[in-house]
Amino acid sequence: MTDYLLTTSVTAEALSPVFEEAVRVTCCKDYTPGQVEAWVQRATSSRWQELLSGDLHFLAAVSQPSGEVAGFISVRGDGYLHSLFVHPAHQRRGVASFLLRAAEEEARRSEAPDLFSEVSLTAKPFFLSQGFSVEQEQTMRVNGVELTNFRMRKPLIYQPDEADFDELLQVWEEAVRSTHHFLSEEDIEYYKPLVRMIYLPGVDLYCIRNREERIAAFMGLSGERIEMLFVAPQEQRKGYGSRLIDFALRDKYLDRIDVNEQNSTAVRFYLKKGFEIVSRDAFDGAGRPFPVLHLKLK
């Protein structure tokens with residue numbers, strides 16, 4: 001963003017007006033005057049000092065050439081996103097997305113598995129659009145006043161390297177045994193060395209790790225399509241597959257994927273994600289009689 005520069009040099013005097021204006025002007029449509037006032041009054045001088053001297057990493061977007069702080073974000077090493085506020089005068093200019101990307105990079109440097117936050121009613125649609133999901137709705141008490149917010153989480157995506165190939169192969173095998181019931185034991189043993197020696201090195205790999213830092217899901221991309229997507233059985237139904245697909249569509253601009261026709265669960269998943277079947281091959285890439293469907297985003 002040429003109109004904004006990222007800085008870590010922040011002061012309470014620069015951040016406080018951004019916070020107060022964002023709450024009073026932007027959040028007033030979702031919270032009562034009493035709730036807004038309690039929220040604003042929570043940010044005392046001592047509270048700012050506590051936050052700025054603690055374990056949060058603050059990042060601010062500075063407007064050019066005015067030098068004004070347009071918005072700020074704070075994130076902890078474990079991925080906890082404490083705050084994200086944009087001054088009303090700078091909203092709808094991509095400032096929030098700019099700051100969130102910077103916070104994600106900071107969390108990745110700390111090897112946090114995900115970002116998680118307590119998100120206001122006002123901010124919830126933005127966080128949903130950025131790949132977060134709601135874990136629960138909750139009621140907080142601020143200066144004796146109840147406010148509703150949402151605990152939300154977004155798994156972070158990393159690029160594994162060759163040292164991770166054995167773990168990726170294990171995820172592949174577990175996922176295949178869980179979903180590819182049309183494959184025999186002989187088939188699995190046939191594909192296994194191909195996956196390890198040819199398929200994994202032949203694509204750009206992206207993965208999500210769980211809180212134990214084990215690979216929970218991974219995806220392989222080529223220049224034009226999503227070549228593979230596997231989720232460990234114990235990690236399914238946690239949104240990891242959707243997160244990876246959304247990343248491929250939004251960040252890598254890919255809109256094609258191949259899937260085994262007999263893997264009906266995967267076919268339904270991709271159709272639900274907005275893909276449509278455009279063609280079919282009777283044999284897979286290894287020349288074996290397992291039909292492959294070619295899908296494209298509608």
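Visitor: Which residue stands opposite E118 in β7?
Guide: That is R151. Strands are DSSP runs of E, at least two residues, and helices are runs of H or I, at least four, with both numbered from the N terminus.

Visitor: What kind of model is this, and how are residues numbered?
Guide: It is a predicted model, and residues are numbered from 1 along each chain as its sequence is written. Local features need pLDDT of at least 70, side-chain atom pairs count only at pLDDT 80 or more, and totals for chains, interfaces and linings use all residues; side-chain values use heavy atoms, with hydrogens and water left out.

Visitor: Back to β7. How many bridges join β5 to it?
Guide: There are 7 bridges between β5 (residues 114-120) and β7 (residues 145-155), and the two strands run antiparallel. Two strands count as paired if DSSP finds at least two bridges between them. As an example, S117 has M152 as its bridge partner in β7.

Visitor: And how many join β6 to β7?
Guide: β6 (residues 133-142) is joined to β7 by 9 bridges, and these strands run antiparallel. T139 has T148 as its bridge partner in β7.

Visitor: What sits between β6 and β7 in the hairpin?
Guide: There are 2 residues between the strands, and N143 in this hairpin takes a positive phi near 50°.

Visitor: What is the strand order in the sheet?
Guide: The order is β1-β2-β3-β4-β5-β7-β6, in an open sheet of 7 strands with mixed pairing. β1 (4-7) and β6 are the edge strands, each pairing on one side only. From one strand to the next, the twist averages 25°; the angle is taken between N-to-C directions, on a range from 0 to 180 degrees, using axes that are lines fitted to C-alpha atoms (for helices, over the stretch in contact).

Visitor: Which other residue has a positive phi although it is not a glycine?
Guide: R92 does, with a phi of about 65°. R92 is in the loop between β4 (80-86) and α4 (95-109). At 87% relative accessibility, R92 is exposed. Exposed means over 50% relative accessible area, buried under 20%, and partly exposed in between (1.4 Å probe, protein chains only).
Guide: E213 also has a positive phi of about 65°. E213 lies in the loop between β9 and β10 and is partly exposed at 49%.

Visitor: Why point these out? What do most residues do?
Guide: Most residues other than glycine have a negative phi, and most peptide bonds are trans.

Visitor: Which peptide bond is cis?
Guide: The bond from Q64 to P65 is cis, with omega near 5°. P65 is in the loop between β2 (56-63) and β3 (69-76).

Visitor: New topic. How many disulfides are there?
Guide: The count is 0. A disulfide is a pair of cysteine sulfur atoms within 2.5 Å. The closest cysteine sulfur to that of C27 is in C28, 8.0 Å away, so it is too far for a bond.

Visitor: Is C27 buried or exposed?
Guide: C27 is buried, at 5% relative accessibility. C28 is partly exposed, at 43%.

Visitor: How many aromatic pairs does the structure hold?
Guide: It holds 17. Rings of Phe, Tyr and Trp (its six-membered ring) pair if their centres lie within 6.5 Å; planes under 30 degrees apart are stacked, over 60 edge-to-face, and the rest tilted. The F127 and F132 rings are edge-to-face because their planes are at 80°, with centres 4.9 Å apart. F127 is buried at 4%, and F132 is buried at 4%.

Visitor: What about Y270 and F275?
Guide: Their ring centres are 6.1 Å apart and their planes are at 75°, so this pair is edge-to-face. Y270 and F275 are buried.

Visitor: Which charged end sits over the ring of F150?
Guide: That of K124, 4.3 Å from the ring centre. A charge sits over a ring if NZ of Lys or CZ of Arg is within 6 Å of the ring centre and within 35 degrees of the ring normal. R288 lies over the face of Y190, at 4.0 Å from the ring centre.

Visitor: Last one: what is D164 in contact with?
Guide: Leaving aside neighbours within four places in sequence, D164 is in contact (heavy atoms within 4.5 Å) with R209 and I215. D164 is in the loop between β8 (157-158) and α6 (165-179), and is buried at 14%.
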